[in-house]
Amino acid sequence: MDELIKKINQFRDDRDWRQFHNPKDLAISISLEASELLENFQWKTSEEAKEKNQENIEQELADVLIYSLMLASDLELDVEGIIEKKLELNDRKYPVEKSRGSKEKYTEL
C-alpha cells in the first residue's frame, strides 16, 4: 500500500499539483468521481452496466481510490489501520448472528 501511495504522490508532485490538493478539495473530488462512477449504473442493471461500461467503471473507481489515498496521505492517516478500525466497529455493529443475510441497518437489528 505504501508503494502505491508513493507512486500516486510522485505523479502529483511531478506535475506540481499538490498546491491544488488540500483536504477539502480532495474530499470534493472523491464525491465528484463517485458520482461519475454512479453514472455508469444509472438506468441499467448491474450486469448491463458491467457489460457496457466496464472500462469506464474501472477508471472512475480508480479516480475515487486515488483521491482517497491522496487524502489519507495528506492527513497522515494509516490506510490499513483506519480500515481495520472501521471493520472492527462494523463487526460490533453488525454481529454475524444478527446480520447474516439481512439488509437491515444496525439500528434495526
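Guide: What follows is a short tour by question and answer. This is a predicted model, where local features need pLDDT of at least 70, side-chain atom pairs count only at pLDDT 80 or more, and totals for chains, interfaces and linings use all residues. Residues are numbered from 1 along each chain as its sequence is written, and side-chain values use heavy atoms, with hydrogens and water left out.

Visitor: Start with helix 1. How many residues does it have, and how far does it reach?
Guide: Helix 1 covers residues 2-14, which is 13 residues. From first C-alpha to last it reaches 18 Å, close to the 18 Å expected at 1.5 Å a residue. The expected span is 1.5 Å times one less than the number of residues. Helices here (H or I, at least four residues) are DSSP runs, numbered from the N terminus.

Visitor: Which residues of helix 1 are buried?
Guide: I5, I8, N9 and R12. Seen down the axis of helix 1, the buried residues fall within an arc of 95°, so they line one face of the helix. That arc is taken from the directions from the helix axis to the C-beta atoms. Buried means under 20% relative accessible area, exposed over 50%, and partly exposed in between (1.4 Å probe, protein chains only).

Visitor: What do those buried residues pack against?
Guide: Helix 2 (23-39), helix 3 (46-74) and helix 4. Contact means heavy atoms within 4.5 Å.

Visitor: And which exposed residues sit on the face turned away?
Guide: E3, K6, K7 and D14. Two of these residues, K6 and E3, pair up in a salt bridge, at 3.6 Å from N to O. A salt bridge is a side-chain nitrogen of Lys or Arg within 4 Å of a carboxyl oxygen of Asp or Glu. K6 and E3 are three residues apart in helix 1, about one turn. K6 has a relative accessible area of 52%, so K6 is exposed. E3 is exposed too, at 57%.

Visitor: What follows helix 1?
Guide: D16, with a positive phi near 55°.

Visitor: Back to the charges. How many salt bridges are there?
Guide: The count comes to five.

Visitor: Which of them involve D74?
Guide: One joins the side chains of D74 and R12, at 2.8 Å from N to O. D74 lies in helix 3 and R12 in helix 1, so this pair ties together parts that are 62 residues apart in sequence. Another joins D74 and R18, at 3.1 Å from N to O. R18 lies in the loop between helix 1 and helix 2, so that pair with D74 of helix 3 ties together parts 56 residues apart in sequence.

Visitor: Are those three buried or exposed?
Guide: R12 is at 0% relative accessibility, so R12 counts as buried. D74 is at 24%, so D74 counts as partly exposed. R18 is partly exposed as well, with a relative accessible area of 36%.

Visitor: Which residues are linked in the network?
Guide: R12, D13, R18 and D74, through salt bridges.

Visitor: Where does I82 lie?
Guide: In helix 4, residues 79-93. I82 is at 41% relative accessibility, so I82 counts as partly exposed.

Visitor: Now helix 5. What does S99 touch?
Guide: Y94 and L109, not counting residues up to four places away in sequence. S99 is found in helix 5, residues 96-99. S99 counts as buried, at 15% relative accessibility.

Visitor: And V96, buried or exposed?
Guide: Exposed, at 51% relative accessibility. V96 is also in helix 5. V96 and L32 are 34 Å apart in space, C-alpha to C-alpha, and 64 residues apart in sequence.

Visitor: Last one. How far apart are A27 and K93?
Guide: 26 Å in space, C-alpha to C-alpha, and 66 residues in sequence. A27 is in helix 2. At 38% relative accessibility, A27 counts as partly exposed.

Methods
Helix = DSSP H or I, 4+ residues; strand = E, 2+ residues; numbered from the N terminus.
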